[in-house]
Number of protein chains: 2
Amino acid sequence: MQYSPVENQIIRNQYGRLLSRIVVDAELTGVVAAAVEELLRGARSMLDVEPAIMTEIPKGSYLHIRLIEDAGYRRNEGQRWKLERDAFTLRQVQTLEEDRLQLIGGSAAGVLYGVFELLRFISLGISPEGLVIEECPSNRLRMMNQWDNADATIERGYAGNSIFYESGRIVKDVSRVRDYARLLSSVGINGISINNVNVHDIETSFITDEFLPDVARLADLFRAYGITLFLSINFAAPITIGGLDTADPLDDTVRAWWGNAVSRIYEYIPDFGGFLVKADSEHRPGPYAYGRDHADGANMLAEALETYGGIVIWRCFVYDCMQDWRDRTTDRARAAYEHFKPLDGRFCDNVILQIKNGPMDFQVREPVSPLFGAMKDTNQIIEYQITQEYTGQQRHLCYLIPQWKRVLDFDTQATGAGSDVKRVVSGSLFGMKYSGIAAVSNIGDDENWTGHPLAQANLYGYGRLTWNSDLTSEEIAEEWTRMTFGNDITVVSTVLQMLIQSWPIYENYTSPLGVGWMVTPHYHYGPDVDGYEYSRWGTYHFADRNGVGVDRTKATGTGYAAQYFPPHAEMYESLERCPDELLLFFHHVPYVHRLQSGKTVIQHIYDTHFLGVEQAEQLQQNWAALSGLVDTARYEQVAGRLAEQVEHAQYWRDVINTYFYRKSGIPDVNGRTIY
Amino acid sequence: MQYSPVENQIIRNQYGRLLSRIVVDAELTGVVAAAVEELLRGARSMLDVEPAIMTEIPKGSYLHIRLIEDAGYRRNEGQRWKLERDAFTLRQVQTLEEDRLQLIGGSAAGVLYGVFELLRFISLGISPEGLVIEECPSNRLRMMNQWDNADATIERGYAGNSIFYESGRIVKDVSRVRDYARLLSSVGINGISINNVNVHDIETSFITDEFLPDVARLADLFRAYGITLFLSINFAAPITIGGLDTADPLDDTVRAWWGNAVSRIYEYIPDFGGFLVKADSEHRPGPYAYGRDHADGANMLAEALETYGGIVIWRCFVYDCMQDWRDRTTDRARAAYEHFKPLDGRFCDNVILQIKNGPMDFQVREPVSPLFGAMKDTNQIIEYQITQEYTGQQRHLCYLIPQWKRVLDFDTQATGAGSDVKRVVSGSLFGMKYSGIAAVSNIGDDENWTGHPLAQANLYGYGRLTWNSDLTSEEIAEEWTRMTFGNDITVVSTVLQMLIQSWPIYENYTSPLGVGWMVTPHYHYGPDVDGYEYSRWGTYHFADRNGVGVDRTKATGTGYAAQYFPPHAEMYESLERCPDELLLFFHHVPYVHRLQSGKTVIQHIYDTHFLGVEQAEQLQQNWAALSGLVDTARYEQVAGRLAEQVEHAQYWRDVINTYFYRKSGIPDVNGRTIY
């Protein structure tokens, strides 16, 4: 979105010619107006061209923007999508008389996405010669979840305060929010929930006349960029603000209360998206208090929203957060499946379950949630976490697209080979009405949005991956790097390499072999191997002087492995076939157990922790080599973060190696320093 | 202070007669007026008598109150004290003509203390027959330190919010503060610092015209009860609020600034006590920033206060709170001695060092600070912590007087046998000008003052022990119990026993053999064996699969043991002679090391943790037996806390036993459940 001037003269001239005249075959209002405005901004800045907007087809070179409702293009999976209205085509048409770049959007939003694609091509230096692009998003719902609170704090935010709120109210000056809307729409995001899923006192009233005019202002703003607004709600709102003595979803007064609340919302916001709900999770209120289940709770809200076309997004992050570590029969990993699988088919058409990518909670490495593929008759959406809660909190470099892709590419085998998670969440596998991807945002009011400048790649990448789940991590990283730092080959190759390596590096010096949770409680930053070991959170590693890991097999453990479809259930069950990277998630093994890699577990721990620090030091050196090639401000910011990363990685290495050395008594075969 | 009606008719009649007429040979103003008022309150309530105040000696029975300045009585250590003005005598004079109870105070405060002693006797049912009491406090300074903040929070407070502050200002309604002043003077406290030693933004301005009128209001209030007011100050105040660019204690402008600040304080409060200072400790500003030492810093303030008779109380809680756990050469236990011992003799006469009882930080068990006895030419005051930061946070019962007495009775051997800590802090050993005892308060705005009703015994006991360091823990506990719950023998013996056992019980299920610090970081509640193990706080146990403990010997460890005078230095140095209760503080030993008790270390850990829970359960049962003998409100409050204590003790037991079992692999010889 910097729209830096294009340095390549050929590209500059080609696009300069095409964009000097723009024919718009659509009303210049709303999203189309925003699209054209964005195009003008880009053309001026990148090409130094002031386009003429015209309605008549001219002779010579021009850009032709057309809006053709329902012009969407068929995806190769043979299904036709309502939301193909988000699709667009972009192609060059050259004849003797004309040199035309033609952008056809299936909807106003399609036009907008096409414009951003065009601007991306200009920025990346991709020639318009022979361009034939047909784009349709992989996922219908492409959601952003803000965990922002009305007091301007952000739960698990690492980039300053909220851009949405100040002192308990929605901000008056929305310029920063507008930039954020542009940013999101540039990568195809089409929905946003603007408040934390943990809904506190003030936010509970967002659905009342006191706040709705302000919420509507934000809805107007996002609407102009094709983004639908959602609210997180408090399931107990009928009690908290409604004056009722119950929030029982089957109680008629409660249902009537929600019906009224919803109708009031739609008076202010006619295209309101719906509700995001965290219920009966980590002490949030929910239907359990009344002997009802999640389907009862979600359906009650869904019925209130149905008339208006609204939807309920119901989170599946439900587990016993008051677990007794002494009780080995309970397993938090099993919880989401056990709670929701039995409810398959009971949810209304306009209810979507939002399922975290893994069974625990956004750890650096987890298996894929076994719920994906297991609920054939329920709308589903996957939830990722862009904000780096457990992955370095934007102080460490951790490019997360490879992690997310591994989940999307995981073949659940639900209907045999090819039942990839991406086909579950795109809706194509089971033909769902609603589906898609959601993620927790990583932005705040820091000038650079994300604290760590390179953490922007995760935000960008999330949008791109959600739009097109077949893009590779490398493609996305390269796009982002070129658009952010320009096309200098040294810079591009260095940053690209840094990004791609960063997740494995972070994993190396933090949590070994999928065991997770070795972090400081509450903060979720910094090593504390026993931090969650004797806690009520269901998060254990069971390390003793002989071995480590959680036995989740059906044969001798908690039985979690059996929640997968057969090929995976058997693979995870097997000590020999379970992938090394998840070994300690599924098995408790002696420190001298030999991995598929040939190393013992204890030597693997030592080696990865020493290696991770060396790799972090290498990141620092690689970046140092870019001094002078990157603008000073960003260079220094990144250099500062990398220096901190190296120091903290050393600390992480020493604490974890020392912990396991003190426990196992087994020395490092290479005799390196362990304290 | 409940002044419950006396049930014993004989006692009631005896005192009723004596108190029906009171001759006051002193002006009825100030402290004497407060004393008489308190006496009337007590007489009415306990004896149902309305005393007649007279100036002429009557015939028959009466109480004669006299104020004779400098009438104080010599303590048996052969020194005469300026503060003998706090002394009093109370004796019965019976002749044929008269039956007189005579109270002579060496000062107005002496009269007040005498009145409280008399009220205590009435309450305890001690007959006036043949009464001959001569009381002179063991310690000149008997200080209370509030860790209250202007925002009404209390650092390490477990009984509600501050009674001193609301919304950044001193409270308007001081009724609760007045009750607190009565409470404190009833046990002989004569000084109070009213704000947290960690002085934040608002409190930094307490020494300015903005706050001094309010501070003076409190000083007036406390003065009426013989209590002098002190303030904690921010060493960087000349910069923060003075507009200077330095706080260098040797800088003339800084010295002039403090001189002005002090003179302004004395305009408002002519008998202002002085400053309490936490400097160069845990990131608080101090003289180090300017290349000066603690003596430079303290003396600068002392000179400003000297003209007015004010004093500086300078805390010795100074250590490296950014220590690297990987560095085994540093030892936090050594820090206070290393910082302050070399400065002995360099402090002004009106500077007092305030030294925590142990070298670490109010742990459940620590050795005595080796600074006591080591600084012969420096005024000293010991610091205790009444608020139960590391000792159960007023959720667990932990009567602390036995802990404090062990410190006072510790023979430092500084000048040979008999150099007890109590003689260091009373000032008698080295003939110090100022000395005494200070403690961090445990009260807040909870209705019962201390959260746990039985925690009041610590506040009461602190005052009594400070007044008379020769009282036993049992005597104090019995006094408090009788005055609180009445003289029912079942109640008294049960509560007395519960109090006396409570510290060892708490120690049993928490931290073994003096090792300390196995608590949740920051909160300091709940077990977390490794919580402080890899931290920057200098607080380690070095447990590995073979053994546990810190080698602080001179021969092979950090050398801390050598900071003691020879007999103790040798005792602690010796693995055989070091007391079991401090073994892991001074030595790193294998789990199979045999204690003097005959048990192995690991079996000791298991046994004490199992025992501690059984004892906690016994506390609960003992209390349950008092149902119906204690008023319902207090019965339920205590029962609730004890139930919580039992549950948390079980958790503590299981976490710590499991930790050491997993590490050592050595089973409990009794085969009890370890997870």
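Visitor: In what kind of link do the side chains of Glu38(A) and Arg182(A) meet?

Guide: A salt bridge puts a side-chain nitrogen of Lys or Arg within 4 Å of a carboxyl oxygen of Asp or Glu. Here Glu38(A) and Arg182(A) form one, at 2.8 Å from N to O. The two partners sit in distant parts of the chain, 144 residues apart. Glu38(A) belongs to helix H2 (residues 30-47) of chain A, and Arg182(A) to helix H4 (residues 175-186) of chain A. Helices (H or I, at least four residues) and strands (E, at least two) are DSSP runs numbered from the N terminus.

Visitor: What should I know about the numbering and the model?

Guide: The model is predicted: local features need pLDDT of at least 70, side-chain atom pairs count only at pLDDT 80 or more, and totals for chains, interfaces and linings use all residues. Residues are numbered from 1 along each chain as its sequence is written, chains are lettered from A and ligands numbered from 1 in written order, and side-chain values use heavy atoms, without hydrogens or water.

Visitor: Is Glu38(A) buried or exposed?

Guide: Buried means under 20% relative accessible area, exposed means over 50%, and partly exposed lies in between (1.4 Å probe, protein chains only). Glu38(A) counts as buried because its relative accessibility is 0%. Arg182(A) is buried too, with a relative accessible area of 10%.

Visitor: How many salt bridges does the structure hold over all chains?

Guide: The total is 82. Take a pair in chain B: Glu282(B) and Lys278(B) meet at 2.8 Å, N to O. Glu282(B) is partly exposed, at 25% relative accessibility. Lys278(B) is buried, at 5%. Another pair is Arg653(B) with Asp654(B), at 2.9 Å. Arg653(B) has a relative accessible area of 17%, so it is buried. Asp654(B) is buried as well, at 2%.

Visitor: Which residues do salt bridges that share partners join into one network?

Guide: Go back to chain A. The network takes in Glu37(A), Glu38(A), Arg41(A), Asp179(A) and Arg182(A).

Visitor: How far apart are the C-alpha atoms of Asp296(A) and Glu38(A)?

Guide: They are separated by 44 Å, and the residues are 258 apart along the chain. Asp296(A) lies in helix H9 (residues 294-306) of chain A. Asp296(A) is buried, with 17% relative accessible area. Contact means heavy atoms within 4.5 Å. Beyond neighbours within four places in sequence, Asp296(A) touches Pro249(A), Leu250(A) and Arg346(A).

Visitor: How many residues of helix H11 of chain A are buried?

Guide: Seven of the eight residues in H11 (residues 401-408) are buried, so the helix is mostly covered. Among them are Trp404(A), Val407(A) and Leu408(A). The buried residues pack against several elements of chain A, including strand S15 (379-385), helix H13 (456-467) and helix H15 (489-509).

Visitor: Which residues is His568(A) in contact with, leaving aside its neighbours within four places in sequence?

Guide: His568(A) contacts Phe410(A), Asp411(A), Thr412(A) and Gln413(A). His568(A) itself is in helix H16 (residues 566-573) of chain A. His568(A) is buried, at 12% relative accessibility.

Visitor: What does the UniProt record mark on chain A?

Guide: UniProt positions use the numbering here, with shortened feature names, and may be inferred rather than shown by experiment. The unreviewed entry annotates residues 130-449 as "domain: Glycosyl hydrolase family 67 catalytic". That span is 25% helix and 16% strand. The unreviewed entry annotates residues 450-672 as "domain: Glycosyl hydrolase family 67 C-terminal". This second span is 52% helix and 2% strand.

Visitor: How much area do chain A and chain B bury between them?

Guide: Buried area is the accessible area (1.4 Å probe) that two parts lose on being put together, summed over both. Here it is about 2,300 Å², 51% of it on carbon and sulfur atoms. In chain A, Tyr534(A), Arg545(A) and Arg662(A) lose the most area to chain B, together 35% of what that side buries. In residues, 23 of chain A are in contact with 23 of chain B.

Visitor: How many salt bridges are counted between chain A and chain B?

Guide: The count is four. The side of chain A that touches chain B has eight nonpolar, five polar and ten charged residues. Ala, Val, Leu, Ile, Met, Phe, Trp, Tyr, Cys and Pro count as nonpolar, Asp, Glu, Lys and Arg as charged, and the others, Gly among them, as polar.
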